[in-house]
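Dear colleague,

I am passing on the structure that we spoke about, and my notes on it follow below. Please open the model next to the text as you read.

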Amino acid sequence: MVRNLVYVRIKEILKEENKTKYWFVKQMEGGYQAISHLMDNKTTAIHFETLEKVCKILNREPGDVIVLKRKGKVKNE
């Protein structure tokens with residue numbers, strides 16, 4: 001069975017737009033560590049308010065920011 005993971009594409013979008021992580025953190029006006037974890041896909045949840053803010057800052061739709069990413073076969077399932 002192939003496992004899908006929710007993946008946040010902030011880093012990829014910033015690269016496409018030639019923007020820096022520093023720029024994004026400043027725009028988000030939040031804690032560096034929390035935003036860094038979100039960008040590094042080390043978070044387990046996201047509030048709708050946060051997702052809306054990310055979308056506004058990056059001028060993208062939620063489906064552009066959050067995608068399902070396939071991750072190899074899962075054993076014992």
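A nonpolar core, as the term is used here, is a set of buried Ala, Val, Leu, Ile, Met, Phe, Trp, Tyr and Cys residues joined through side-chain atoms within 4.5 Å, where buried means under 20% relative accessible area, exposed means over 50% and partly exposed lies in between, with a 1.4 Å probe and protein chains only. Please keep in mind that this is a predicted model, in which local features need pLDDT of at least 70 and side-chain atom pairs count only at pLDDT 80 or more, while totals for chains, interfaces and linings use all residues. Residues are numbered from 1 along each chain as its sequence is written, and side-chain values use heavy atoms, with hydrogens and water left out.

The protein chain has 5 helices and 2 strands, which are DSSP runs numbered from the N terminus (helices H or I with at least four residues, strands E with at least two). Read from the N terminus, these elements follow the order β-α-α-α-α-α-β. Of the 77 residues in the protein chain, 25% are buried. Taking contact to mean heavy atoms within 4.5 Å, 69% of the contacts between residues at least 6 apart in sequence join residues at least 24 apart.

The largest nonpolar core holds 15 residues, and those that touch the most other members are Ile10, Phe24, Val54, Leu58 and Val65. At least two residues of this core come from each of helix H1 (10-16), helix H2 (21-28), helix H3 (32-39) and helix H4 (48-58), and H4 gives the most, with 4 residues. Val54 touches Ile10, Phe24, Met28, Leu38 and Val65, if residues up to four places away in sequence are not counted. As background, nonpolar side chains tend to be buried together in soluble globular proteins.

H2 and H3 pack at an angle of about 120°, with their axes 10 Å apart. That angle makes H2 oblique to H3, since angles under 35 degrees count as roughly parallel, over 145 as roughly antiparallel, 65 to 115 as roughly perpendicular and the rest as oblique. On the H2 side the contact is made by Lys21, Phe24, Val25 and Met28, and on the H3 side by Tyr32, Ile35, Ser36 and Met39.

The axes of H2 and H4 come within 10 Å and cross at roughly 125°, and these two helices are therefore oblique to each other. Here H2 contributes Trp23, Phe24, Gln27 and Met28 to the contact, while H4 contributes Thr50, Lys53, Val54, Ile57 and Leu58.

Finally, some loop residues. Glu17 lies in the loop between H1 and H2 and counts as partly exposed because its relative accessibility is 40%; Glu17 and Leu58 are 41 residues apart in sequence and 8.7 Å apart in space, C-alpha to C-alpha. Asn18, also placed in the loop between H1 and H2, has a phi near 55°, a positive value in a residue other than glycine, and is exposed, with a relative accessible area of 71%. Asn41, in the loop between H3 and H4, has a positive phi of about 60° although it is not a glycine, and counts as partly exposed at 27% relative accessibility.

With best wishes

Key:
Axes fitted to C-alpha atoms, helices over the stretch in contact; angles between N-to-C directions.
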